[in-house]
Amino acid sequence: MRNEYLAAENRILRAQIKGRLLLSDAEKVTLAENRPPARKESSGRSGGGSEAGYASAWYRRLIANKFDGSKFRKSWSRPRVDEETKRLVEMARENPGWGYDRMVGAIRPTWD
């Protein structure tokens with residue numbers, strides 16, 4: 001009887017609310033934790049209508065974000081080359097006849 005009363009109360013309150021009910025993240029977590037497990041229908045989809053589907057989809061995303069380890073993964077790619085090194089390589093390619101000493105002499109003013 002208690003469940004029937006609460007269901008009737010929910011119907012009455014939903015009829016009074018115009019538009020969509022916006023819940024905070026804390027309220028969504030509370031509802032998701034206290035919600036009974038969804039029953040499987042013969043078609044393989046979870047019962048309970050679109051609201052249950054929305055809640056379960058939101059809860060799946062919440063759990064996926066909670067256990068997402070992407071921010072802790074290391075990038076195994078080669079580190080980027082800084083602009084100064086790119087400029088020096090370009091200067092060396094533009095002047096293939098320059099030897100080491102002349103290249104160092106041209107670079108020296110930028111090092112000081």
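This is a short tour of the structure, stop by stop.

**Whole chain.** Start with everything shown. The model is predicted. Color by secondary structure: the protein has five helices and zero strands. From the N terminus, the order reads α-α-α-α-α. Now switch to the surface. Of the 112 residues, 10% are buried.

**Helix 1.** Select residues 2–16. This helix has 15 residues. From first C-alpha to last it reaches 21 Å, close to the 21 Å expected at 1.5 Å a residue. How many of its residues are buried? The number is zero, so helix 1 lies largely in the open.

**The nonpolar patch.** Next select I17, L21, L23 and L31. Together they make a nonpolar surface patch of about 350 Å². L23 counts as partly exposed because its relative accessibility is 34%, between the 20% and 50% cut-offs.

**Helix 4.** Move to residues 83–94. Side chains of opposite charge can pair when their charged atoms come close. The structure holds two salt bridges.

- Show E83 and K86: their side chains meet in a salt bridge at 3.8 Å, N to O. The two lie three residues apart in helix 4, about one turn. E83 is exposed at 59% relative accessible area, while K86 is partly exposed at 45%.
- Show R87 and E84: here the salt bridge is 2.9 Å, N to O. These residues also lie in helix 4, three residues apart. R87 is partly exposed at 37%, and E84 is partly exposed at 33%.

Conventions: Residues are numbered from 1 along each chain as its sequence is written. This is a predicted model: local features need pLDDT of at least 70, side-chain atom pairs count only at pLDDT 80 or more; totals for chains, interfaces and linings use all residues. Side-chain values use heavy atoms; hydrogens and water are left out. Helices (H or I, at least four residues) and strands (E, at least two) are DSSP runs, numbered from the N terminus. Buried means under 20% relative accessible area, exposed over 50%, partly exposed in between (1.4 Å probe, protein chains only). Patches are made of residues with over 30% relative accessible area and no salt bridge: like charges are joined within 9 Å, nonpolar side chains (Val, Leu, Ile, Met, Phe, Trp, Tyr) within 5 Å. Accessible areas come from the Shrake-Rupley method with a 1.4 Å probe; for residues, only the protein chains shown count as cover. A salt bridge is a side-chain nitrogen of Lys or Arg within 4 Å of a carboxyl oxygen of Asp or Glu. The expected span of a helix is 1.5 Å times one less than its number of residues.
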